[in-house]
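My entries follow in the order in which I looked.

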Amino acid sequence: MASVARSRTIRDRATLVPSGRPALFLPLLIMLSYRHAFHAGNHADVLKHAVVLQLLRYLGQKDKAYWYIDTHAGAGVYSLKEGYATKTAEFETGIAKLWGRNDLPQLFAEYVDEVSALNADGQLHFYPGSPYLAWRQLRAQDRMRLFELHSTEIDVLRHNFRDAGRRAMLYAGDGFDGILTLLPPAPRRALILLDPSYEDKRDYGRTLRCVEESLKRFPTGTYAVWYPQVKRPESQRFPDQLKQLQKDNWLHVSLTVSNPPEDGYGLFGSGMFILNPPYTLAKQLKDQMPWLVKVLGEDKAATFKVEYRGN
Ligand SMILES: C[S@@+](CC[C@H](N)C(=O)[O-])C[C@H]1O[C@@H](n2cnc3c(N)ncnc32)[C@H](O)[C@@H]1O
């Protein structure tokens with residue numbers, strides 16, 4: 001676990017510059033339309049971040065160092081009270097429904113504890129993105145490597161991590177290409193999160209190729225791929241394509257919160273596909289996902305799936 005002092009330093013910085021405010025710097029890269037702040041803390045983030053937390057804690061059980069690599073890092077911390085997040089209030093479909101409950105099963109209780117660490121007064125002001133969540137798990141021997149292509153998001157991320165020192169290296173650039181230069185990581189233990197927005201449908205193919213290439217360089221790494229459930233054919237066939245990446249030792253979990261919206265391409269669920277997962281996670285998810293469906297489900301179509309192919 002990162003030291004309390006260091007966590008506070010980052011939290012305080014993040015509080016000063018939540019994502020959603022205009023960047024203070026000139027754009028360095030091409031502009032993208034995507035801002036994760038619109039979606040911060042929604043039902044898909046709940047699933048993704050609860051799973052990522054378990055994967056990191058599992059890696060932290062051994063003294064040996066690990067790396068956390070985030071190919072699509074985002075801004076690191078998000079304000080839920082101002083800026084983009086308030087426009088859509090998607091967090092009300094996710095973290096807000098878990099907040100303050102006293103019947104949380106272990107996996108989701110640990111996740112909510114992490115969100116609480118950012119919200120000391122008990123009010124839901126801030127939401128941790130994957131970099132912040134990971135940072136709090138990092139020990140002195142561990143390292144993180146973050147890629148972010150969006151010019152303003154990388155500036156906010158840099159600001160939030162400006163006191164992190166050499167344990168956290170941030171790259172303004174393409175995570176699909178960048179990750180290949182880092183593999184295999186020196187300690188030969190790592191969690192790699194691939195979390196594109198998929199607003200560009202080429203992200204599906206790029207993610208598959210990226211994992212395929214990464215596995216050649218680092219076959220024993222743990223890879224976690226997030227994907228959206230939307231009406232797009234690319235999204236529908238994606239889980240089956242992910243299953244082709246490796247014959248066994250994978251875990252697939254999905255959470256569907258509602259019927260597909262009739263008016264187009266809205267998100268009605270999401271999934272996490274994990275290569276080389278901890279063998280304990282499938283059972284935890286099978287036991288605890290029914291609770292999540294009950295809490296986050298929006299209509300009769302709400303359901304979950306856990307598929308596990310051990311080795
Ligand atoms: C879903 S968000 C990431 C959220 C973050 N992983 C989290 O869980 O808090 C996707 C991010 O990827 C960025 N992005 C888009 N294309 C990228 C690329 N090719 N390489 C790196 N970042 C990219 C977007 O600007 C956006 O901030």
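Before reading any pairing, I noted that two strands pair if DSSP finds at least two bridges between them. Helices (H or I, at least four residues) and strands (E, at least two) are DSSP runs, numbered from the N terminus.

I also wrote down that this is a predicted model, in which local features need pLDDT of at least 70 and side-chain atom pairs count only at pLDDT 80 or more, while totals for chains, interfaces and linings use all residues. Residues are numbered from 1 along each chain as its sequence is written.

**Entry: the chain as a whole**

I counted eleven helices and ten strands in the protein chain. I took a residue as buried if 20 or more other C-beta atoms lie within 10 Å of its own, exposed if 12 or fewer, and partly exposed in between, with C-beta atoms placed from the backbone. On that basis 46% of the 311 residues of the protein chain count as buried. For contacts I required the C-beta atoms of two residues, placed from the backbone, to lie within 7 Å. Among contacts between residues at least 6 apart in sequence, 81% join residues at least 24 apart.

**Entry: β6 and its neighbours**

Which strands pair with β6, and in what sense? I found that β1 (residues 67-70) runs parallel to β6 and is joined to it by four bridges, and that β7 (residues 222-229) also pairs with β6 in the parallel sense, over four bridges. On the β7 side, the bridge partner of Leu194 is Val225. From β6 the chain crosses through helix α9 (residues 202-217) to β7, and this β-α-β crossover is right-handed (with the strands pointing away from the viewer, the path from the first strand over the helix to the second runs clockwise).

I then looked at the cover on β6 (residues 190-194), and five of its five residues are buried. Ala190, Ile192 and Leu194 point one way, while Leu191 and Leu193 point the other way.

Four bridges join β1 to β4 in a parallel arrangement, with Trp67 opposite Arg143. Together with helix α7 (residues 151-160), β4 and β5 make a right-handed β-α-β unit.

Of the 22 residues around the ligand, His72, Gly74, Gly129, Ser130 and His150 come nearest. The elements that give two or more residues to this shell are β4 (143-148) and α8 (175-178). By class, I recorded seven nonpolar, nine polar and six charged residues in the shell (Ala, Val, Leu, Ile, Met, Phe, Trp, Tyr, Cys and Pro count as nonpolar, Asp, Glu, Lys and Arg as charged, and the others, Gly among them, as polar).

**Entry: the bend in α11**

Where does helix α11 bend? I located a bend of about 40° at Gln288 in α11 (residues 281-296), with Pro290 following within four residues; the bend is the angle between axes fitted to the seven residues ending there and the seven starting there. The buried residues of α11 are Leu281, Leu285, Met289, Leu292 and Leu296, and they pack against α2 (43-59), α4 (95-98), α5 (106-117), β8 (250-256) and β10 (303-309).

**Entry: backbone in the loops**

Most residues other than glycine have a negative phi, and most peptide bonds are trans. I noted a cis peptide bond from Leu183 to Pro184, with omega near 0°; Pro184 lies in the loop between α8 and β6. Tyr198, in the loop between β6 and α9, has a positive phi near 65°, and it counts as buried because it has 21 C-beta neighbours inside 10 Å. Asn249, in the loop between α10 (233-243) and β8, has a positive phi near 60°, but it is partly exposed, with 16 other C-beta atoms within 10 Å.

Notes:
Near = placed C-beta within 6 Å.
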